[in-house]
Amino acid sequence: MNSNVAVVLKFLLILFAITQIQSDNLVEGPNAENQCGVSLRASGLIYNGKVVKRNQWPFLVAMMMVADGKFFCGGTLISRSHVLTAAHCLQEKGQEAPLTPSKFVLHLGKYNLSLVYERGSIPAFPEKIKIHPDWNIHQEKYDSDIALIKIDGTVPIRSNIYPACLWSSALGMRNVPTGTVIGWGVIEDQLTTQHQLIARQVDLRIVTNEVCYEDETMESLISSRTFCAIGENGSGPCKGEVKEY
């Protein structure tokens, strides 16, 4: 896919800086119940993504299988007890039964996937999952590719772990010119395909759905509810570094 083709941003709430909060002023403990925010650090646009700094995106969640500890998807902490992710992470196309909560664990404050025990990172265990009712495993389109994970209990608010802020209405999204894609994407070369050990980020320019429809491949995957953006110089989720977003 070339640099002029719009790429789909499936995780509206995961990708975009909605509001800002200074980590130095973060309130921890019970008084932080309604607190949220995003990174204030600069995020320069680099081809195929730039390696993030530690604690830069405190709502980023790593999802790993219990059986082998393997990373399989990313998510976003949106409250002290909920993580937003993609429906295809929990139920892939053609997969009749979704992943059950006992099969995976959520890692908050995670930075380096190669470290089993990492300072500042804590596990959280899923209690139940809710996949969008319009997610269709037998359809080519990725419409309604969104799911919610309920955490067993609540997670502590820390300087490196706190929720992203959600939009109060759809109206606020119309004037946002760019968004940031974040994740442990896939490195692809001639020999192997593996996830980045450190998350990457890339800034994308938000465009209308009409731009997406200009590309035949994208047209077959998206719907009127898809949120689209353009990557410069081939950067973006379709190029690998932030593939799960």
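How many disulfides does a search of the whole structure find? The search finds two. The model is a predicted one.

**Disulfides**

A disulfide is a covalent bond between the sulfur atoms of two cysteines. The pairs are listed below.

| Pair | S to S distance |
|---|---|
| Cys-73 and Cys-89 | 1.9 Å |
| Cys-212 and Cys-228 | 2.1 Å |

Cys-212 sits in helix α3 (residues 209–213) and Cys-228 in strand β14 (residues 227–230), so this pair links distant parts of the chain, 16 residues apart. Cys-212 has a relative accessible area of 1% and is therefore buried. Cys-228 is buried as well, with a relative accessible area of 1%.

For the disulfide of Cys-73 and Cys-89, the torsion about the S-S bond is about -70°, which means that the bond is left-handed.

**Strand β5**

Strand β5 spans residues 82–85 and includes Val-83. Thr-85 is also in strand β5. Val-83 is buried, its relative accessible area being 0%, and Thr-85 is likewise buried at 0%.

Leaving aside residues up to four places away in sequence, Val-83 touches Val-61, Gly-75, Thr-76, Leu-77, Leu-106, Ala-147, Leu-148, Ile-149 and Ile-151. Lys-150 is 67 residues from Val-83 in sequence, yet their C-alpha atoms are 6.7 Å apart in space. From Thr-85, the side chain reaches the backbone oxygen of Gly-74 at 3.0 Å.

How values were computed:
Residues numbered from 1 in each chain as written. Predicted model: local features only at pLDDT ≥ 70, side-chain atom pairs only at ≥ 80, totals over all residues. Heavy atoms only, no water. Helix = DSSP H or I, 4+ residues; strand = E, 2+ residues; numbered from the N terminus. Buried < 20%, exposed > 50% of the residue type's maximum accessible area, 1.4 Å probe, protein only. Contact = heavy atoms within 4.5 Å. Polar contact = N/O pair within 3.5 Å; in protein donor to acceptor, adjacent residues only side chain to side chain. Disulfide = S-S within 2.5 Å.
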